[in-house]
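Please look over the sequence and the model shown here before reading on. The report that follows describes the chains one by one and then the places where they meet.

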Amino acid sequence: MLPNTKEIVVENLLAEVGAIVPQGYRFVTMTCVDVGEQFDIIYHFDKNYNLYNLRLKLAKGGSLPSISPIFFAALLVENEIKDLFGVNVTGLAIDYEGRFLLSEGAPVAPQSKPCTPGVGMQVQQKKLEGN
Amino acid sequence: MSRKSIVPFGPQHPVFPEPLQLRLVMEDEKVIEALPAIGYVHRGLEKLVEKKDFLQIAFLVERICGICSFIHAQTYCQGIEDLMKIDVPPRAKYLRVIWGEVHRIHSHLLWLGLLADSFGFENYFMQAWRTREAILDIMERTAGGRVMLGTCCVGGVRKDINEQMLGEVLRTLDKVQKDLDNIIVGVTKDYSVRQRTVGVGKVTAEQAQTLGAVGPVAKATGIARDHRTTGYAAYGELGFEPITETAGDCYARTIVRVRELSQSIDLVRKAIKNIPSGPIFTAVKGNPEGETISRAEQPRGEVFYYIKANGTKNLERLRVRTPTFANIPILLMMLPGCDLSDVPVITLSIDPCISCTER
Amino acid sequence: MLGMFNKIFRNLGSRPATRRYPFQKRDSFAGSRGRLEIDIASCIFCGMCAKRCPANALSVSRDPKSWTLDPYCCILCAYCVEVCPKKCLHMNPRHGVSDARAQETAAE
């Protein structure tokens with residue numbers, strides 16, 4: 001287990017993050033882990049070389065409010081999570097709509113466990129053969 | 001009447017070392033807003049981690065970036081050693097510091113050349129890279145590769161540097177110091193360079209703190225934050241103070257990096273003087289289990305690794321957040337209000353490493 | 001101003017700073033990782049190197065006996081050199097040539 005971690009729920013997320021700002025923490029990053037039935041999302045904040053983490057569990061298909069109105073720097077990593085894991089993040093300051101890192105024809109949500117394959121040479125070959 | 005237009009800067013641009021697209025909303029010659037678009041070198045390395053075993057990942061992780069590669073491997077190995085409670089021998093820690101600081105010197109010299117190239121000072125670009133060749137020779141003689149050292153592994157280092165080679169390293173560093181003293185005035189005191197960099201891309205310390213800037217970008221605004229002060233590897237025994245400036249513009253970032261170059265040379269000299277003798281490697285048995293966070297100081301700032309392992313030989317999750325990822329929001333704050341010709345200078349002054357950002 | 005003339009005359013009198021490659025090649029340092037080579041006579045075809053290769057560049061089979069390296073996949077990390085039980089792999093300091101298909105070693 002990570003030291004200095006607080007477990008929260010999606011509904012309290014914005015309130016908790018808002019409470020962190022006056023304490024002088026800096027946003028480091030957020031991590032998303034696919035644990036089968038749900039996503040394990042951890043936010044990391046740092047002050048004087050000590051990390052403080054907020055952990056929440058999000059069911060697959062649930063939506064996550066963006067913290068970019070509070071920490072502008074979070075929007076890049078939230079767009080990345082949207083692309084790579086397929087998490088539905090709402091309220092982003094700049095929304096790339098699934099094209100931040102991945103291009104057309106890339107696998108859909110490649111890092112979530114059952115991943116849809118993208119357009120590759122074998123798939124294109126099958127199309128040519130008329131399958 | 002002024003007109004607004006959108007100029008796509010990049011992804012293929014002669015001044016950028018890596019593909020990054022900045023969509024600039026311009027009004028005549030001034031930039032009003034900038035929107036970054038990345039994704040041109042996304043290789044999906046975080047997914048590849050699930051297919052390789054945790055010892056092979058030390059090689060994979062080195063190849064995330066071609067400029068700060070050793071420190072990626074060092075951070076990863078430190079994380080796994082933390083999880084498996086492995087004690088790294090002191091000689092291995094000092095060797096990691098030596099290679100890490102030599103890597104920092106090479107990265108800053110590369111950046112210095114690119115910055116000069118961004119305002120057309122190609123002669124200086126060649127001089128900086130010629131000085132860098134001596135550093136690459138050190139790395140090839142001690143580790144076997146010019147940039148991809150391949151020496152850091154879980155449990156220590158794979159190769160040792162003997163007394164004679166350490167003496168050679170010191171002699172080469174003396175030569176590099178002399179070359180640096182000759183060329184550094186070309187960037188710090190030259191009138192044309194100062195015209196292009198002083199007052200350009202200014203940010204305040206408050207903006208750097210709220211946007212989460214790291215590395216020399218934050219140090220140039222006065223925030224004295226450097227992860228080496230926490231004393232990982234052998235930095236605790238070498239004594240280290242971060243370098244800061246207060247102006248927050250491109251010139252301040254240049255001065256911070258130039259002074260870090262001299263500081264790195266001193267650190268290597270101190271490490272070579274105090275290096276203890278002993279083994280360089282502890283054998284690794286079993287598989288890692290649990291989760292941990294490992295951080296280190298790359299030339300561009302603080303790198304963050306989140307490692308989750310479940311007792312098998314493949315890791316469950318490896319998350320890497322590199323310093324350029326944290327510096328892109330502050331780049332978007334620096335660009336509005338500048339001229340189009342200042343855009344390459346400002347972008348290069350944060351030292352962008354896009355292949356790190358996208359993995 | 002004087003420094004400039006000083007430098008001009010010094011440069012006029014000195015040799016060029018560059019090497020006339022490809023007529024003059026730089027000697028590789030000992031220990032640098034140029035390309036992978038095998039002493040095929042001592043190989044026992046155990047396959048340890050292929051199992052450990054991070055880039056899947058090696059394929060080894062016992063029956064028929066063969067050891068193949070794909071030089072374009074190889075990342076020159078020398079992990080295989082470390083794990084080989086017979087120590088028959090080594091790194092040649094000289095880098096390979098571009099038409100490296102000729103280097104692929106397949107042996108009996």
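## The two domains of chain B

Chain B is divided into domain 1 (1-42) and domain 2 (43-350), with bounds that come from an automatic or database domain assignment. The C-alpha centres of domain 1 of chain B and domain 2 of chain B lie 27 Å apart. Where these domains meet, the contact takes 16 residues from domain 1 of chain B and 15 residues from domain 2 of chain B, and two residues are said to be in contact if their C-beta atoms, placed from the backbone, lie within 7 Å.

On the side of domain 1 of chain B that touches domain 2 of chain B, at least two residues each are supplied by β1 (4-9), β2 (21-27) and β3 (30-37) of chain B, and β3(B) gives the most, with six residues. Helices (H or I, at least four residues) and strands (E, at least two) are DSSP runs, numbered from the N terminus. By class, this side of domain 1 of chain B has 12 nonpolar, one polar and three charged residues; here Ala, Val, Leu, Ile, Met, Phe, Trp, Tyr, Cys and Pro count as nonpolar, Asp, Glu, Lys and Arg as charged, and the others, Gly among them, as polar.

## How the model is given

This is a predicted model, in which local features need pLDDT of at least 70 and side-chain atom pairs count only at pLDDT 80 or more, while totals for chains, interfaces and linings use all residues. Residues are numbered from 1 along each chain as its sequence is written, while chains are lettered from A and ligands numbered from 1 in the order in which they are written.

The predictor gives the complex an ipTM of 0.85 and a pTM of 0.89. For chain C the mean pLDDT, which is the predictor's confidence in each residue, from 0 to 100, is 80, and 87% of the residues of chain C reach 70 or more.

## The overall form of chain B

The secondary structure of chain B comes to 15 helices and eight strands, and the C-alpha atoms of the chain fill a box of roughly 70 × 45 × 35 Å, taken along the principal axes. A compact globule of 359 residues would have a radius of gyration near 21 Å, and chain B, with 21 Å, agrees with this; the radius is taken over C-alpha atoms, and the globule rule is 2.2 Å times the number of residues to the power 0.38.

Of the 359 residues of chain B, 54% count as buried. A residue is buried if 20 or more other C-beta atoms lie within 10 Å of its own, exposed if 12 or fewer, and partly exposed in between, with C-beta atoms placed from the backbone.

## Where the chains meet

Among the two pairs of chains that touch, the most contacts are between chains A and B, where 19 residues of chain A are in contact with 24 residues of chain B. Strand β2 (residues 26-34) of chain A provides the largest share of the side of chain A that touches chain B, six residues, and the residues of that side divide into 14 nonpolar, four polar and one charged.

The contact between chains B and C takes nine residues from chain B and 11 residues from chain C. On the side of chain B that touches chain C, α2 (57-62) and α5 (122-143) of chain B each supply at least two residues, and by class this side has two nonpolar, four polar and three charged residues. Chain A and chain C do not touch, and their nearest C-alpha atoms are 19 Å apart.
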